[in-house]
Amino acid sequence: MNARSEQLKAFERLLNIMDELREQCPWDKKQTMQTLRHLTIEETYELGDAILDNDLEEVKKELGDLLLHIVFYAKIGSETQDFDIADVANGICEKLINRHPHIYGDVKVENEEEVKQNWENIKLKEGKKSVLEGVPNSLPALVKANRIQEKVAGVGFDWEHPEQVFEKLKEELGELQEEVKANDADKMESEFGDVLFSMVNYARFLNVNPENALERTNKKFIKRFQYLEEKAKASGKSLKDMTLAEMDVFWEEAKGL
């Protein structure tokens, strides 16, 4: 691995390149925080894909893309005299020091859970009106549910045992079935949401990331279905003309890959 001096040199090189691009490149000169926003979100998802695939070479590349975006935003901020990259770095340094009193102060902690509780309590002391203020409104619903539950658990609002959460899940499933029987679309949607929220909660108690788990299943399904499509094409058949039993033969083959 590179020495700290080499790491700093590489970061300075990126800052210099950003200065040059902002001054000389027509595309880079036109960008604003608003025009970069959707690109940053896309890059974040690409990094997430690389992490799930455990493709470390791709992780490295995607981290570079995200680092570029951070430097880009900081450059724009410096042009309006609002902030620069030093302000960004110093800001996160101060936050980390303030929220880790067990490292930079005299607070004693016994485990990870106490660290999380301290973190949320410190945020409230910093002026947050709610522990849920740090959950972005634009997060995908599954990710948001997980973050909400983590946040409230950090201040002690939580179940004590996984079995309790599983019982709550079964209760919510029962309530969903009742609304299905009643054929009330609005209440079905509401109860289905409760089931999903309980599933996310149960995943947390199992130390399973629900977003990662679902995406793994998405990838697995895509791989198997594309195998089914390939086999059908190779046999000169169209999926819409095949019976479910015929498709299931290829599906079972795909599960064995």
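This is a predicted model: local features need pLDDT of at least 70, side-chain atom pairs count only at pLDDT 80 or more; totals for chains, interfaces and linings use all residues.
Thr 40 lies in helix H3, which covers residues 33-52. Is Thr 40 buried or exposed? Its relative accessibility is 16%, so Thr 40 counts as buried, because buried means under 20%.

Leaving aside residues up to four places away in sequence, Thr 40 touches Leu 66, His 69 and Tyr 73. The side chain of Thr 40 makes a polar contact of 2.7 Å with the side chain of His 69. The side chains of Thr 40 and Tyr 73 are also joined by a polar contact, at 2.5 Å.

## How H9 and H10 cross

Helix H9 spans residues 162-182, and helix H10 spans residues 185-205. Their axes come within 9 Å and cross at roughly 165°. The two helices are therefore roughly antiparallel, because angles over 145 degrees are classed that way. The crossing of H9 and H10 is left-handed.

## Residues between H9 and H10

Which residues of H9 meet H10? Among them are Pro 162, Val 165, Phe 166, Lys 168, Leu 169, Glu 172 and Leu 173, together with Leu 176 and Val 180. On the H10 side, the residues include Lys 187, Met 188, Glu 191, Phe 192, Asp 194 and Val 195, as well as Ser 198, Asn 201, Tyr 202 and Phe 205.

The residues of this contact between H9 and H10 divide into 13 nonpolar, 2 polar and 7 charged.

Technical notes. Residues are numbered from 1 along each chain as its sequence is written. Side-chain values use heavy atoms; hydrogens and water are left out. Helices (H or I, at least four residues) and strands (E, at least two) are DSSP runs, numbered from the N terminus. Buried means under 20% relative accessible area, exposed over 50%, partly exposed in between (1.4 Å probe, protein chains only). A polar contact is a pair of N or O atoms within 3.5 Å; within protein, one must be able to donate a hydrogen and the other to accept it, and residues adjacent in sequence count only if both atoms are side-chain atoms. Contact means heavy atoms within 4.5 Å. Axes are lines fitted to C-alpha atoms, for helices over the stretch in contact, and angles run from 0 to 180 degrees between N-to-C directions. Angles under 35 degrees count as roughly parallel, over 145 as roughly antiparallel, 65 to 115 as roughly perpendicular and the rest as oblique. A crossing is left-handed if the near helix is turned anticlockwise from the far one by less than a right angle, and right-handed if clockwise. Ala, Val, Leu, Ile, Met, Phe, Trp, Tyr, Cys and Pro count as nonpolar, Asp, Glu, Lys and Arg as charged, and the others, Gly among them, as polar.
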